[in-house]
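Here is a brief report on a structure. It takes a helix, a surface patch and an interface in turn.

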Amino acid sequence: MIPELGHFALVLAAVLAVAQSSVPLIGAQRADARLMTLGAPLALAGFIACAIAFFALMWSYAVNDTTVVNVVQNSHSAKPMLFKITGTWGNHEGSMVLWVMVLGICSAAVAAFGRDLPSALQARVLSVMGMISVGFLAFILITSNPFERVWPPPPDGQGLNPLLQDIGLAIHPPLLYLGYVGYAVTFAFAVAALIEGRVDAAWGRWVRPWSLAAWSFLTMGISIGSWWAYYELGWGGYWFWDPVENASLLPWLAGAALLHSAIVVEKREALKIWTVLLALLAFALSLLGTFLVRSGVLNSVHAFASDPARGVFILALLGIYVAGSLALFAWRAPAMAPQGHFAPISREGALVLNNLLLCSICAVVLVGTLYPLFLDLLTGQMISVGPPFFNSATFPLAIPLIIAMAAGPLMPWKRAQLFPVLQRLWWAMAITLAVFLLALFLSGWAVLPALGFAAGIWLIAGAAADIGDRVGVGRTRLANAWNRAKGLPRAAWGAAIAHAGMGITILGVAGMGLATEKLVALPPGGSTQFAGYEWRLDGVRDFMGPNYTARKATITVLDNGRVVHVMEPSKRFFPTGRTTTTETAIRTNLIRDLYAVIGEERDGEAVLRLHDNFLAPWLWIGSLIMALGGAISLSDRRIRVAAPARRRMENEAGARA
Amino acid sequence: MTRKRRRIWILVLCAIGLGSATALTLTAFQDNLVFFRSPTDVLTTEIPPGRAFRLGGLVEEGSVQRQGEYEGRPAIRFRVTDGANAIPVVFTGVLPDLFREGQGVVTQGVMGQDGTFRAREVLARHDETYMPPEVADALKRAGHWNPAQGAAPPPAQWNTLEPGRADAPRRTGS
């Protein structure tokens with residue numbers, strides 16, 4: 001009964017989405033207020049329908065309803081309840097239902113919080129979001145119905161891929177989808193602006209919070225995915241430039257560019273056409289990410305679908321949305337007169353540079369990701385493009401980006417001079433140089449990690465210089481500076497925090513450049529020296545889990561005979577699905593990770609891989625700080641959008657100060 | 001600065017950005033593309049020494065030796081076969097969870113002087129019924145398996161199977 005209800009809700013959502021995509025748009029074109037106001041209730045109803053479908057599926061998973069094919073294929077009664085529930089989106093069909101539900105949340109948010117929007121703009125935005133919903137609901141209903149029944153029901157399910165039975169992977173997809181789908185909103189705003197033929201500061205003020213929110217969620221989603229790969233795959237790395245990882249990095253890069261160019265639209269009413277184009281591209285790349293992951297074009301744990309019909313369907317959707325929006329862009333963009341010119345050396349100029357570099361990096365990653373696919377398609381030759389390509393192609397572009405990242409926020413709008421900016425950054429430059437030389441010396445002349453340390457410190461120092469300059473440290477009394485710091489707009493704090501977070505992540509990357517590993521075969525009782533400690537293998541024993549059996553090693557880490565850590569890496573064997581997974585043991589003190597993996601056992605010895613990962617936790621701490629910066633900036637936006645009058649007053653006060 | 005000059009400025013900047021991105025991509029491609037080769041390809045084509053590539057096929061049944069060391073680290077030796085030919089491989093590291101004899105495997109590394117492939121990475125991250133597409137392609141090219149006929153023949157027979165014999169069931173089957 002519940003699955004049928006869910007299926008019905010999905011069909012209902014599709015019907016509502018068809019109405020949502022047409023009625024408000026017609027209303028906006030005919031300036032009919034009654035039709036336009038239908039958009040908001042339709043969006044809310046569509047969201048409720050999607051949510052019912054989603055929770056119906058979750059219910060089927062929770063009670064392990066083996067009459068539902070999807071549950072049979074991806075779940076098992078022996079699975080812990082948490083993973084039964086997260087298993088709802090741990091498969092192709094369920095994750096698409098999550099996708100449309102998140103889209104529903106965004107539509108409902110535009111409907112609920114968008115009352116201050118011009119009604120025609122709101123109607124058009126909701127309409128475009130409805131069109132996206134229609135496509136994806138049709139995709140679910142036609143090619144991947146999650147509520148399909150099977151009769152007679154098999155005794156139990158086949159189990160979920162054990163790699164996916166993990167808390168990191170439970171929260172990774174929803175965060176990523178919130179990011180991807182958030183760009184659907186900026187896309188809808190861009191398309192609505194193209195239809196209206198008008199982009200103004202108010203538009204920028206609306207696009208910015210959405211792109212910020214999407215970017216923050218995407219940042220968290222990517223970093224949790226990377227963290228998962230770090231502790232679950234047991235390869236000791238955190239980013240493999242795998243096409244699936246790149247698929248999430250591409251919209252992140254384009255979204256970061258969008259986020260910055262939207263500031264220029266809001267403050268200076270310039271870069272409008274470019275911002276609209278970026279909004280289209282960010283969503284196109286999100287769709288591309290969905291296509292690459294969902295179509296099974298790539299082989300990895302992410303590619304659940306291997307049905308070509310699905311790939312073709314998503315490709316068709318991608319083609320319709322991207323080609324349609326770009327055609328609209330080509331047709332309407334020339335009508336939008338560019339205004340607001342500026343000097344190359346200015347805040348706007350720095351943001352243009354940021355956009356240019358982010359987009360160049362994005363293009364390089366895109367080419368590297370898609371080239372093997374196209375080459376295989378065209379010539380049948382199989383190649384792979386691995387980390388060396390991405391590292392050598394993106395690092396040179398990242399360096400000027402990082403240099404500009406610290407200097408840009410210190411530049412005034414309209415027209416700036418380079419020298420005063422550099423003057424305010426001199427101490428940051430001094431620290432950076434000192435760190436570079438020190439790192440070079442300490443790491444034994446390893447240039448790349450030293451550059452990384454310098455870049456990270458430069459960003460953190462630059463962010464500190466930005467805040468210090470705004471509150472007038474050194475120019476005014478401390479109490480005065482404190483008051484100014486409290487009065488500083490949250491967006492300024494958010495930007496500085498996000499930039500510093502990027503710096504911390506880069507320090508983590510640089511630290512991982514100095515990571516060391518050791519592979520040893522040890523008999524029980526044997527020990528080895530590594531990373532300044534003695535590692536003793538006490539023994540390997542069997543262990544029973546709820547739905548797996550495991551071989552667990554006990555390793556004691558000793559510092560001059562004193563026990564520092566006891567680590568228990570294991571290998572799990574899952575009888576349902578007959579697969580094995582590696583469970584790493586990680587001990588961290590937030591400066592370095594000690595990381596141990598157990599390999600196979602032979603001749604009474606166990607092969608162990610030990611890693612000493614310097615600054616590894618900073619990778620994820622930094623990216624969470626980045627997302628936090630986004631959230632702080634967002635809390636400022638909301639106030640401003642709600643109270644434009646107050647904003648004007650603040651601006652005047654700011655201009656006087 | 002006039003409006004026109006500003007625009008030229010921006011255009012020049014864009015050209016520099018795009019140009020450097022293209023140049024970087026092309027140079028990086030030149031050095032870092034990793035080609036996939038089957039054991040037969042390795043024996044029949046010339047490979048620049050020291051150039052990394054991916055070697056894929058099936059792990060030959062009975063070929064895995066989990067003893068000895070290589071460059072001071074515990075090593076695993078096995079042979080990768082596409083039915084027609086087999087290449088010995090040495091790997092130091094923890095094998096992926098799904099590495100098994102008779103299963104598809106993709107390894108990345110360089111060819112040694114002695115004809116042994118030194119694998120730096122062994123990729124086998126898939127479930128046990130999965131066949132990497134490169135490996136399936138290599139097997140097809142070696143004439144030993146047509147996936148349309150169903151599952152691959154048992155790997156123990158790979159090196160004794162005649163390509164002609166492998167074709168025979170297809171004719172009778174269709």
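## A helix and its end

Just past helix α10 of chain A, A:E269 adopts a positive phi of about 55 degrees. The model is predicted.

Of its 26 residues, 24 are buried, so α10(A) is largely enclosed by the rest of the structure.

## A nonpolar patch

Which residues make the nonpolar surface patch of about 690 Å²? They are A:M1, A:I2, A:L5, A:I48, A:I52, A:W59 and A:V63.

Two helices of chain A, α1 (2–30) and α3 (39–62), each supply at least two of the patch residues. The largest share, three residues, comes from α3(A). A:I52 sits in helix α3 of chain A. Its relative accessible area is 39%. That value lies between the 20% and 50% cut-offs, so A:I52 counts as partly exposed.

## The interface of chains A and B

Chain B brings 41 residues into contact with 46 residues of chain A. About 3800 Å² is buried between the two chains. Carbon and sulfur atoms give 62% of that area.

How many salt bridges does the rule find across the interface of chain B and chain A? It finds one. A:E600 forms a salt bridge with B:R66. The closest N and O atoms of A:E600 and B:R66 are 2.5 Å apart, within the 4 Å cut-off for a salt bridge.

Key
Residues numbered from 1 in each chain as written. Chains lettered and ligands numbered in written order. Predicted model: local features only at pLDDT ≥ 70, side-chain atom pairs only at ≥ 80, totals over all residues. Heavy atoms only, no water. Buried < 20%, exposed > 50% of the residue type's maximum accessible area, 1.4 Å probe, protein only. Helix = DSSP H or I, 4+ residues; strand = E, 2+ residues; numbered from the N terminus. Patch = residues over 30% accessible without salt bridge, like charges linked within 9 Å, V, L, I, M, F, W, Y side chains within 5 Å. Areas by Shrake-Rupley, 256 points an atom, 1.4 Å probe, with all protein chains shown as cover. Salt bridge = Lys/Arg side-chain N within 4 Å of Asp/Glu carboxyl O. Contact = heavy atoms within 4.5 Å. Buried area = accessible area lost by both parts, 1.4 Å probe.
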